[in-house]
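Dear colleague,

Please find below the structure that I am handing over to you. My findings follow it.

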Amino acid sequence: MASKLVIAIVFIFDIIAFGLAIAAEQRRSKAQVVPDSEKNYTYCVYDSDIATGFGVGALLFLLASQILVMAASKCFCCGPALRPSGSRSCALILFLISWVTFLIAESCLLAGSVQNAYHTRYRGIFSEDPPSCQTLRKGVFGAGAAFVFFTGILTEFYYISYAKSKDAGLPPY
């Protein structure tokens, strides 16, 4: 039977990761072009960089959640052989899909955090075109949050299917 403590901790970590990813999407850095005091140059002024911290926090909570499930299930491949059943097949499919969604979520969160932390220091002469103040595209952290949600659901179902397959009545091969 699946450990209720593992399920509860993984669920809490996934909820925290999802919340942090949503917060990061809402607090992305924004920039504006501002002239200097003598009006010779223009430069970019960025607001708060808190979204980077939120993105990294979401990345770490999702990573902790995945590590906990993989340690509890011995990463599906280590440990005793699972008994042949529909639960084993379901656990294998959920294992693979959860890793794919996990990698996509982590990629979105990492790329969003890195891009959000990048601030241009470009200065332009006032008579020329204003500098390009690069900011993170809208939706990168949102996509990460969506894949955090999918990963959370898939890993929970994977762990339950794994535990059910481990407890099946037939002996292993």
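Glu 25 counts as buried because its relative accessibility is 10%; buried means under 20% relative accessible area, exposed over 50%, and partly exposed in between (1.4 Å probe, protein chains only). This residue lies in helix H1, where helices are DSSP runs of H or I with at least four residues, numbered from the N terminus. A polar atom of the Glu 25 side chain is 2.9 Å from the backbone nitrogen of Gly 139. Beyond neighbours within four places in sequence, Glu 25 is in contact (heavy atoms within 4.5 Å) with Lys 138, Gly 139, Val 140, Phe 141 and Gly 142.

The model is predicted, with local features needing pLDDT of at least 70 and side-chain atom pairs pLDDT 80 or more, while totals for chains, interfaces and linings use all residues. Residues are numbered from 1 along each chain as its sequence is written, and side-chain values use heavy atoms, leaving out hydrogens and water.

Helix H4 holds both Ser 161 and Ile 160. Ser 161 is buried, since its relative accessible area is 12%, whereas Ile 160 counts as partly exposed at 35% relative accessibility. With the same exclusion of neighbours within four places, Ser 161 is in contact with Ser 87, Cys 90, Ala 91 and Leu 94. Phe 95 is 66 residues from Ser 161 in sequence, and their C-alpha atoms are 9.7 Å apart.

Kind regards

Key:
Helices (H or I, at least four residues) and strands (E, at least two) are DSSP runs, numbered from the N terminus. A polar contact is a pair of N or O atoms within 3.5 Å; within protein, one must be able to donate a hydrogen and the other to accept it, and residues adjacent in sequence count only if both atoms are side-chain atoms.
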